[in-house]
Amino acid sequence: MKELFDLTGKVALVTGDTHGIGLAIGLLLGKAGARVCVNDLNEDKLRSCREIFSKEGLDVFTIIFDVTCEEDVDKGISLIEKEVGQVDILVNNAGIIKRIPILEMAVSDYKQVLDVDLVAPLILSKRVVPGMIEKRCGKIINMCSMMSEYGRNTVSAYASAKGGLKMLTRNMTCEWAKYNIQINGIGPGYIATSQTAPIRENGHPFNDLVMTRTPAGRWGEPEDIANAALFLASKASNFVNGHILYVDGGILANFGYVKGENDL
Ligand code: NAP
Ligand code: GCO
């Protein structure tokens with residue numbers, strides 16, 4: 001049974017993972033035996049990430065590159081291939097959100113979100129997939145969202161990107177599954193990270209909406225998502241492809257309820 005989730009000998013690259021969901025994923029894949037490569041934009045955050053991995057007794061290779069820049073990505077992946085090895089597991093986790101009403105949003109803001117959340121997974125995947133095709137083995141996990149299925153006021157750019165990432169995941173599957181590469185997405189519900197801090201903390205009313213829409217009655221933790229990532233990174237998911245695994249406490253199953261009616 002343990003062998004099913006053993007990642008010993010595998011090289012995993014998680015983008016944007018010095019904190020939040022990505023950090024939880026990197027730590028768990030490392031504990032499962034993978035050689036983990038951590039990417040971010042900021043050396044200070046990478047340094048603190050190295051300290052966290054070290055406290056867990058885990059090796060980690062950290063590297064700065066901007067996931068939206070093809071040249072940066074090519075140099076970064078080449079260094080990983082030289083220093084660590086060919087990427088076996090790619091987790092396209094890096095992401096941003098801008099909460100701006102459409103009429104107030106600059107087109108440049110829209111394009112920036114699309115670049116990080118949708119185009120960057122394409123850039124990373126195009127760079128690492130040739131090696132996976134050659135090995136006839138690989139795992140790609142694209143970090144989608146509830147906004148891959150729903151719209152919401154002020155997050156049009158993010159929803160456009162995450163909706164597109166769901167379809168890009170399916171199209172990658174159509175073209176690459178025949179090489180024994182599994183490409184799936186994870187759709188987290190509302191998770192307690194720095195990205196959601198502005199709509200979660202200090203009694204923000206959005207918290208009530210999340211509680212009403214989440215049957216589990218809680219915000220998710222980054223570790224909840226990491227567990228799903230371990231499944232999709234392991235042999236246990238070798239026949240799962242083009243699937244978006246929603247880890248949402250039941251949000252997608254639930255239209256919502258009036259406070260109190262469920263406490264019958
Ligand atoms: P987070 O804490 O804001 O982490 C996002 C990470 O992406 C940060 O480390 C950030 O680095 C990095 N990043 C941003 N732009 C980058 C770029 N151009 N190149 C390299 N790295 C870049 O967010 P999170 O909540 O952990 O979210 C992680 C992923 O899960 C995102 O794709 C997000 O859309 C998705 N997600 C989150 C939730 C949630 O409720 N939190 C739910 C569904 C989906 P810096 O900090 O240095 O900018
Ligand atoms: C928002 C939130 C969401 C979550 C997540 C839900 O403003 O609605 O930030 O977008 O981050 O994507 O799955």
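Which helix gives the largest share of the lining of the largest cavity? In this predicted model, where local features need pLDDT of at least 70, side-chain atom pairs count only at pLDDT 80 or more, and totals for chains, interfaces and linings use all residues, that share, 4 residues, comes from helix 4 (residues 107–135). Residues are numbered from 1 along each chain as its sequence is written, chains are lettered from A and ligands numbered from 1 in the order in which they are written, and side-chain values use heavy atoms, with hydrogens and water left out.

The structure holds 1 cavity of 30 Å³ or more, a cavity being a set of points, on a 1 Å grid over the protein atoms alone, where a 1.4 Å probe fits but cannot get out. The space in the largest cavity is about 30 Å³, and its lining, made of residues with an atom within 4 Å of a point, consists of Thr15, Val67, Asn92, Ala94, Val116, Ala120, Pro121 and Leu124.

Open space was treated separately, a pocket being an open set of points with protein on both sides within 12 Å along at least five of seven lines. The largest pocket has a volume of about 880 Å³ and is lined by 39 residues, of which Asn93, Ala94, Gly95, Ile96 and Gln195 lie nearest its centre. Two or more lining residues are given by each of helix 1 (20–31), strand 2 and helix 5 (156–176), with helix 1 giving the most, 3 residues. The second largest pocket, with a volume of about 180 Å³, has among its lining residues Met146, Tyr150, Arg152 and Phe206.

Around ligand 1 there are 29 residues, counted as near if one of their heavy atoms lies within 4 Å of it, and Asp40, Lys45, Asn93, Tyr158 and Thr193 come nearest. Among the polar contacts (pairs of N or O atoms within 3.5 Å), an N or O atom in the side chain of Thr193 is 2.5 Å from an oxygen atom of ligand 1. A polar side-chain atom of Lys162 lies 3.0 Å from an oxygen atom of the ligand, whereas the side chain of Asp66 has an N or O atom 2.9 Å from a nitrogen atom of ligand 1.

Strand 2 (residues 35–40) pairs in the parallel sense with strand 3 (residues 61–64) over 4 bridges, where pairing requires that DSSP finds at least two bridges between the strands, and helices (H or I, at least four residues) and strands (E, at least two) are DSSP runs numbered from the N terminus. Within this pairing, Asn39 stands opposite Ile63 in strand 3.

Methods: Grid points are joined across faces, edges and corners, and a volume is the space filled by probe spheres set on the points. A polar contact is a pair of N or O atoms within 3.5 Å; within protein, one must be able to donate a hydrogen and the other to accept it, and residues adjacent in sequence count only if both atoms are side-chain atoms.
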